[in-house]
Amino acid sequence: MNYSNKRDFILPLSLFAITVLTRIPFTSKYLYHWDSVQCSLALKQFDVTLHQPHPPGFFLYVMLGRVFNLFTHDANTAFISIGILFSGLAVVFTYYLGKELLNDKLGLVAAAIAITSPSLWFHGEIAFIYIVDAFFSAAVAFFCWKTYKGEYKYFWLSAVALGIAGGMRLYTIIFLF
């Protein structure tokens with residue numbers, strides 16, 4: 001494996017690891033917001049009419065929370081784990097987007113800003129869906145840019161990412177359009 005390929009693998013993995021490791025010590029010990037409570041109630045009974053979660057609901061987010069809850073046995077920890085995971089992924093896609101838009105240096109600067117951004121840091125440590133939005137926004141932007149540059153295989157990835165984003169939080173589709 002040559003240096004370029006190794007770097008292409010190790011750098012994003014390092015950015016992901018740095019993000020995750022900087023989030024873990026500061027995670028919230030309690031459900032942060034009313035929406036967090038509603039999503040945690042939906043882990044047992046998904047019913048939008050009972051506001052578990054509130055309309056229009058976050059179906060895929062809650063279902064992913066159920067998967068994580070199988071391992072954590074705690075709603076807050078399950079949703080925070082999702083937040084930490086998507087924080088790392090958001091930083092990696094921010095790096096890739098910056099790299100594609102200009103060069104490696106811009107990608108690193110964008111990733112450094114994302115890692116240290118108070119808003120991204122905060123939302124990566126609480127049981128709240130906004131960090132998932134950050135990831136999907138960066139991923140869809142990356143895939144759309146690649147499609148725009150002529151790599152049409154990314155069109156389908158952007159469509160899938162946008163569809164999953166909508167299943168996580170319906171408003172994301174509207175905001176990204």
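Mentor: Glycine 150 comes after α7, and its phi is positive, near 105°. Before going on, some bookkeeping: this is a predicted model, where local features need pLDDT of at least 70 and side-chain atom pairs count only at pLDDT 80 or more, while totals for chains, interfaces and linings use all residues. Residues are numbered from 1 along each chain as its sequence is written, and side-chain values use heavy atoms, with hydrogens and water left out.

Start with α7, residues 130-148. The expected span of a helix is 1.5 Å times one less than its number of residues. For the 19 residues of α7 that gives 27 Å, and its end C-alpha atoms are 27 Å apart, which agrees. Its buried residues include Phe135, Phe136, Val140, Phe142 and Phe143, along with Asp133 and Lys146. Buried here means under 20% relative accessible area, exposed means over 50%, and partly exposed is in between, with a 1.4 Å probe and protein chains only. Among the elements covering the buried residues of α7 are α3, α4, α6 (118-123), α8 and α9.

Now α8, residues 153-168. Its 16 residues reach 24 Å from first C-alpha to last, close to the 22 Å expected at 1.5 Å a residue. Buried in α8 are Tyr154, Ser158, Ala161, Leu162, Ala165, Gly166 and Met168. They cover an arc of only 150° around the axis, which puts them on the same side of α8; that arc is taken from the directions running from the helix axis to the C-beta atoms.

Leaving aside its neighbours within four places in sequence, serine 158 is in contact with Val140, Phe143 and Cys144, contact being heavy atoms within 4.5 Å.

Two packed helices are described by the angle between their axes and the distance between the axes. The axes of α3 (residues 59-72) and α8 come within 4 Å and cross at roughly 80°. Those axes are lines fitted to C-alpha atoms, for helices over the stretch in contact, with angles running from 0 to 180 degrees between N-to-C directions. α3 and α8 are therefore roughly perpendicular, a label for 65 to 115 degrees; under 35 is roughly parallel, over 145 roughly antiparallel, and the rest oblique. Phe59, Leu60, Tyr61 and Leu64 of α3 meet Ile164, Gly167 and Met168 of α8. Those contact residues split into six nonpolar, one polar and no charged. Nonpolar covers Ala, Val, Leu, Ile, Met, Phe, Trp, Tyr, Cys and Pro; charged covers Asp, Glu, Lys and Arg; the others, Gly among them, are polar.

Glycine 167 and leucine 60 sit 107 residues apart in sequence, yet 5.2 Å apart in space, C-alpha to C-alpha. Not counting residues up to four places away in sequence, glycine 167 touches Phe58, Phe59, Leu60 and Tyr61. Isoleucine 164 is partly exposed, with a relative accessible area of 34%.

Finally, peek at the loop between α2 (34-42) and α3, where proline 53 lies. The peptide bond from glutamine 52 to proline 53 is cis, with omega near -5°, and the one from proline 55 to proline 56 is cis too, with omega near 5°. For context, most peptide bonds are trans.

Definitions and conventions. Helix = DSSP H or I, 4+ residues; strand = E, 2+ residues; numbered from the N terminus.
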